[in-house]
Amino acid sequence: RERPFYECAARTGMRLGELGGLRWQDVDLRGGTIKVARSWGNPRTKDDEPRTIPASKQLRSVLTAWSKNCPKTDEGLCFPDPFHGKMMDKKRAWERFQALCDAADVRRLPLHALRHGFATSYLRHGGDVWRLKGLLGHSTVELTQRYADDHPLDARGDVYRMRFKPQDRSVVGLDEARRNRPKTDGRRGKSAETVGTRVGTKGGR
């Protein structure tokens, strides 16, 4: 019953409060989008700016199955507290996540680690920092840049994949320029044609 909540957190990078306030009316399973419009019952997000983020095929599959079993609430919450059917309590969500870490025999992590993991994975798979800023709902790109600074990207692979083909215009243009470059006589790089003209002019005087 808790898997959809953690799947959504890991695959969208949404904040804990945004997940707690998410309603089914904000989830478009057919279109594959999630509208993040509020947090912990507030009619706004942390940065006071609603945003729309994509939902992957895997996440849509999980949410589609969950929508048929999700407890009904007056607000139409996607992830209501399983004990009382209201908005999930922040403390209870944190405690349950710690219990899951213990059950999986892994080091205890804060729930925010799922958001952090989404951000770094997005960048490592070629994502753009500016687009990530919009996905995470950051007010400035400096906040988003921290994820790139914590896990610097290795650009060597991108450089190694670069290939120049014979038909590359930039390379062909360079070769043509070299072939058409006038020959020099060694005098400070002046062309023989230019030197000859000057000599002829001086002799004619």
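This is a predicted model: local features need pLDDT of at least 70, side-chain atom pairs count only at pLDDT 80 or more; totals for chains, interfaces and linings use all residues.
Let's start with the empty space. Rolling a probe the size of a water molecule over the atoms shows where empty space is left. Here the count comes to 2 cavities of 30 Å³ or more. The table puts them side by side.

| Cavity | Volume | Nonpolar lining residues | Polar lining residues | Charged lining residues |

Who sits around the largest cavity? Its lining is made up of Arg-1, Glu-2, Phe-5, Trp-66, Pro-71, Phe-79, Pro-80, Pro-82 and Met-88.

The second largest cavity has 10 lining residues, and Glu-2, Pro-82, Met-88, Ala-93 and Arg-96 are the ones nearest its centre. Two helices, α1 (3-12) and α4 (90-103), each supply at least two residues of that lining. Of these, α4 gives the most, with 3 residues.

Now for the helix pair. Two packed helices are described by the angle between their axes and the distance between the axes. For α1 and α3 (residues 57-67), the angle is about 155° and the axes are 10 Å apart. Angles over 145 degrees count as roughly antiparallel, so α1 and α3 are roughly antiparallel to each other. The crossing of α1 past α3 is left-handed.

Which residues make the contact? From α1 come Arg-3, Pro-4, Glu-7, Cys-8, Arg-11 and Thr-12, while α3 brings Gln-58, Leu-59, Val-62 and Trp-66. Sorted by class, this contact has 5 nonpolar, 2 polar and 3 charged residues.

Key: Residues are numbered from 1 along each chain as its sequence is written. Side-chain values use heavy atoms; hydrogens and water are left out. On a 1 Å grid over the protein atoms alone, a cavity is a set of points where a 1.4 Å probe fits but cannot get out, and a pocket is an open set with protein on both sides within 12 Å along at least five of seven lines; lining residues have an atom within 4 Å of a point. Grid points are joined across faces, edges and corners, and a volume is the space filled by probe spheres set on the points. Helices (H or I, at least four residues) and strands (E, at least two) are DSSP runs, numbered from the N terminus. Axes are lines fitted to C-alpha atoms, for helices over the stretch in contact, and angles run from 0 to 180 degrees between N-to-C directions. Angles under 35 degrees count as roughly parallel, over 145 as roughly antiparallel, 65 to 115 as roughly perpendicular and the rest as oblique. A crossing is left-handed if the near helix is turned anticlockwise from the far one by less than a right angle, and right-handed if clockwise. Contact means heavy atoms within 4.5 Å. Ala, Val, Leu, Ile, Met, Phe, Trp, Tyr, Cys and Pro count as nonpolar, Asp, Glu, Lys and Arg as charged, and the others, Gly among them, as polar.
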